[in-house]
Amino acid sequence: MVQAEIGLIGLGTMGSNLALNIAEKGHTIAVFNRTVSRVDEFKAQAGALADRIIPCHSIEELAAAIRPPRPIILMVVAGKPVDDQIAMLRKVLSPNDIIIDAGNADFNDTRRRFAELEGTGITFIGMGVSGGEEGARHGPSIMVGGTEESWHRVEDVITAISAKYKGEPCAAWLGPDGAGHFVKTIHNGIEYADMQMIAEIYGVLRDGLGMSAKEIAPVFAKWNEGRLNSYLIEITAKVLEIDDPKTGKPIVDVIVDRAGQKGTGKWSAIEAQKLGVPATAIEAAVAARVISSMKTEREAAQKVYGPATGNIKGDKAKLFHDLELALFAGKIAAYAQGFAVMDAASKEFSWNIPLATVSKIWRAGCIIRSQFLGTIAEAFSKGPVTNLLMAPAFIEMMKEAHPSLRRIVAIAAEAGLPVPALSAALAYFDGYRQARGTSNLIQAQRDFFGAHGFERIGEEGAHHGPWGDYS
Ligand SMILES: NC(=O)C1=CN([C@@H]2O[C@H](COP(=O)(O)OP(=O)(O)OC[C@H]3O[C@@H](n4cnc5c(N)ncnc54)[C@H](OP(=O)(O)O)[C@@H]3O)[C@@H](O)[C@H]2O)C=CC1
Ligand SMILES: O=C(CO)[C@H](O)[C@H](O)COP(=O)(O)O
């Protein structure tokens, strides 16, 4: 009987494409899916690659079809399904076999799974995969967490299936236990911020300037040729061009303005808060998706307060230039936040995440791939970076772009158009570059009502204010 070199459980969007990608790279792969009928259907649709696919109708059959030590990829919905599959696998696997959770997992779950599998002889890898359907099929960006030894055991196949940036594989070992899934989570947090800021600019163009989807599409297409060049800007231009076959209207105009979310954005915001790192653009993007889901309440509130005034006036050429730079400045702030969160987590969990490598493996394959990530990679390659806002290349870019961000946030506020992620990015930048902020007043308030104490300028130790006569 032909023995597969690798196995995969979960033939959904990502799993089926990843399995085809693996088969295409010359590996025989055994596959299993909860809904068992999908397994034969998948082989039947695999065309020329079908010979390298072994369909398995039970977990026992899957284990028997793979040559030990067995590497098995899980590509199922996050949470309990992953635990259920691991529990099933534990009954049929042997010491030295490797379970690779390639879904989007909460890194806290990944850490727990590492602990639960310790001592069983089974190796566990938590692996983030990004690139959507197309990436999984032809080359995703892959973020691996686990022991370095376990990485070397799967390195050949993982690098073979990954995207390549100028020949370099977009796959890397990023540290032990939850490091890979943490980095994938923050990738998605940044993805949320990127997408939200693009949507906010679209809102200014649509509701502030009254432009149609067809008129907005070339604006993004043009921006894609410059500093904003990225997969998300590219697909935004494409999406805005496409018509709905049912109505003939632009497809975006028939889609309900309620965004879904599966958890990674929220996990990013939660972990940033836990680590004490401001990730306000990411948080704003998560909150914006939540507000978007409150459609009925929003409709009622618009009746009470009226719609945004919109109707932005002024020099169009100057406005478009400001919009492009505002998006760029917001992007710099959001990435600065995301990388700061990863840096803090790396220190907190002693992961030693190579941030230069992270930016390098995000240059191709993943959803946030962009020209900009090349500049980030260069900044990290030159040495430690406290915050991207302080890296020389970014100082220049931010100096040029932040006045535009300021103007766009002001114009949008005046017109009543919500730009929460761009506003958060601007406030973060303004807070970060302000040598004397306003927390002296907060310290005074805290000491007044709770005797919490404060530091005095130029003096050591804790101090209290002369509140006695006033309280
Ligand atoms: N779609 C994307 O762009 C990306 C997704 N991911 C992540 O990849 C993973 C898979 O996503 P995707 O392929 O999009 O999802 P799909 O919904 O297309 O497929 C989900 C898969 O999970 C299986 N599954 C669901 N519930 C269970 C369960 N209780 N027990 C066993 N198997 C179960 C499904 O089996 P069945 O056929 O029986 O329902 C199916 O094979 C997720 O973690 C997702 O977050 C990561 C990067 C990109
Ligand atoms: O990981 C991904 C992309 O990188 C997935 O597409 C994920 O589902 C996106 O998150 P959400 O569904 O919450 O928008």
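Student: Which domains give at least three residues each to the shell around ligand 2?
Tutor: This is a predicted model. The shell around ligand 2 takes at least three residues from domain 1 (6–177) and at least three from domain 2 (185–432).

Student: Which residues surround ligand 2?
Tutor: They are Asn104, Ser130, Gly132, Asn188, Glu191, Gly260, Gln261, Lys262, Thr264, Gly265 and Ile367. Helix H8 (179–208) and helix H11 (264–275) are the elements that each supply two or more residues to this shell.

Student: How many of the shell residues are nonpolar, polar and charged?
Tutor: Around ligand 2 there are eight polar residues, two charged residues and one nonpolar residue.

Student: Back to the domains. What is the division of the protein?
Tutor: The protein is split into domain 1 (6–177), domain 2 (185–432) and domain 3 (439–471). The centres of domain 1 and domain 2, taken over C-alpha atoms, are separated by 31 Å.

Student: How many residues does each of those two give to the contact?
Tutor: Domain 1 contributes 24 residues and domain 2 contributes 21 residues.

Student: Which elements give two or more residues to the domain 1 side?
Tutor: On the side of domain 1 that touches domain 2, they are strand S6 (123–130), helix H6 (132–138), strand S7 (141–145), strand S8 (164–165) and strand S10 (171–175). S10 gives the most, with four residues. By class, this side of domain 1 has 11 nonpolar, 10 polar and three charged residues.

Student: New topic: where does UniProt place the feature "binding site"?
Tutor: The unreviewed UniProt entry puts it at Asn104, Ser130, Gly131, Gly132, His187, Asn188, Tyr192, Lys262, Arg289, Arg446 and His452. These positions span 349 residues in sequence and their farthest two C-alpha atoms are 49.6 Å apart, so they do not all gather at one spot.

Student: Why does Gly132 count as partly exposed?
Tutor: Gly132 lies in helix H6. Gly132 counts as partly exposed because it has 17 C-beta neighbours inside 10 Å, and that class falls between 12 or fewer for exposed and 20 or more for buried.

Student: And where is Arg289?
Tutor: Arg289 is in helix H12 (residues 280–293). Arg289 is partly exposed, with 18 other C-beta atoms within 10 Å.

Student: What is Arg289 in contact with, leaving aside its neighbours within four places in sequence?
Tutor: Apart from those neighbours, Arg289 is in contact with Ala259, Gln261 and Gly265. Gln261 and Gly265 are among the residues that surround ligand 2.

Methods
Residues numbered from 1 in each chain as written. Chains lettered and ligands numbered in written order. Predicted model: local features only at pLDDT ≥ 70, side-chain atom pairs only at ≥ 80, totals over all residues. Near = placed C-beta within 6 Å. Nonpolar A, V, L, I, M, F, W, Y, C, P; charged D, E, K, R; others polar. Domains from an automatic or database assignment. Contact = placed C-beta atoms within 7 Å. UniProt positions renumbered as here; feature names shortened; annotations may be inferred.
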